[in-house]
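Here is a brief report on how one protein model is put together. Please look over the sequence and the structure first.

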Amino acid sequence: MTRGVLLGFFRWILPVPAGCWDKKFDGMLQQLKEKDKFMTGEHRTLYGFAIMRLVETVKSLTSEEAAQKLNLPLERVNQLLDELEKRAGVITRHADGAIVSAGPVTLDKTSQRLVLSLGEEIQAEGMLHALGAAYVAGKLRGLPVFGHITTPCSYCHEPRHIIIGNDLKFRVLEAGASPLVFLPLPGRNTGKHDDLNQLGKDSVLFCSREHAAAYRKKAGRTRGVYLTLEQAVGTARSIHGVIPGMPDSG
Ligand SMILES: [Zn+2]
């Protein structure tokens, strides 16, 4: 899938051959498929409905409203939401029970501001999911969609702007910029699994390799990989081709 990627290791950023990362990524993708296998058509319908509802209204969604619109019993909707939240980690509800996140989008404040051509400004759950949002919305709506992502560099905090379509063609608005997307990988001894959905939520942007390196020297020793935007877009596509809710996902 990729050419060589950059690996963050202690204070250094080192190139590693594409094969190493591709193998690891394929393993994580397989884990994600296994984890989400429990989802039925009802889960997918509800999840997809929640994504589009958040995008279009930028307001939290109650389970009562979802039950009414989808013509499902409220009890069933609450059960489906429990599973989407706890097992798949793709839905988040606030204490009052209202849905505030349906990956890739969220009403919670994040560093990735997102405007899709179907709605108002919303937030994305991490840089990788921001890149996948127009693709997801386009699949759910069956329409061309484009997104405008605004996100700061994690080192210099200068905003970067990316336009991306549901066809995943993208453009960085800052001339000559070559940003990198950092995906932190859990340490080998933390006991945590490399959950791709979570890595997507934790992913951030650096405006350049120099700033990624400067940040790593200053603060960050987190294990992880740095992807070019092209690699990150391909990764987002793979993840969102798997996360159910999408009509043609396998
Ligand atoms: Zn920067």
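The text below covers domains, sheets, hairpins and helix packing.

This is a predicted model: local features need pLDDT of at least 70, side-chain atom pairs count only at pLDDT 80 or more, and totals for chains, interfaces and linings use all residues. Residues are numbered from 1 along each chain as its sequence is written.

**Domains**

The domain assignment gives domain 1 (5–35 + 107–242) and domain 2 (41–102). Such bounds come from an automatic or database domain assignment. The C-alpha centres of domain 1 and domain 2 lie 25 Å apart. The contact between them takes 15 residues from domain 1 and 13 residues from domain 2. Two residues count as in contact if their C-beta atoms, placed from the backbone, lie within 7 Å. On the domain 1 side, helix H5 (127–141) and helix H6 (196–202) are the elements that give two or more residues. H5 gives the largest share, four residues. That side of domain 1 divides into seven nonpolar, three polar and five charged residues. Here Ala, Val, Leu, Ile, Met, Phe, Trp, Tyr, Cys and Pro count as nonpolar, Asp, Glu, Lys and Arg as charged, and the others, Gly among them, as polar.

Helices (H or I, at least four residues) and strands (E, at least two) are DSSP runs, numbered from the N terminus.

**The five-stranded sheet**

Five strands form an open sheet in the order S2-S1-S13-S11-S12, with antiparallel pairing. Two strands pair if DSSP finds at least two bridges between them. Strand S2 (12–16) and strand S12 (204–206) stand at the edges with a single partner strand each, so one side of each has no neighbour in the sheet. Neighbouring strands of this sheet are turned by 35° against each other on average, direction ignored.

**The eight-stranded sheet**

A second open sheet has eight strands in the order S3-S4-S5-S7-S6-S8-S9-S10, and its pairing is antiparallel. Its edge strands are strand S3 (91–93) and strand S10 (170–172), each pairing on one side only. Helix H2 (residues 41–57) packs on this sheet, touching S3, strand S4 (99–102), strand S5 (105–106), strand S6 (112–116) and strand S7 (121–124). The direction of H2 makes about 105° with that of S4. Angles run from 0 to 180 degrees between N-to-C directions, and axes are lines fitted to C-alpha atoms, for helices over the stretch in contact.

| Strand pair | Bridges |
|---|---|
| S1 (residues 5–9) and S13 (residues 224–228) | three |
| S8 (residues 146–152) and S9 (residues 159–165) | seven |
| S3 and S4 | three |
| S4 and S5 | two |

Phe146 has Gly165 in S9 as its bridge partner. Thr92 stands opposite Ser101 in S4. Ala102 stands opposite Val105 in S5.

**Hairpins**

S3 and S4 form a hairpin with five residues between them. Gly97 in that turn has a positive phi of about 95°. A hairpin through two residues joins S4 to S5.

**A helix pair**

The axes of helix H3 (residues 63–70) and helix H4 (residues 74–88) come within 9 Å and cross at roughly 115°. H3 contributes Ser63, Glu64, Ala66 and Ala67 to the contact, and H4 contributes Leu74, Val77, Asn78 and Leu81. These residues divide into five nonpolar, two polar and one charged.
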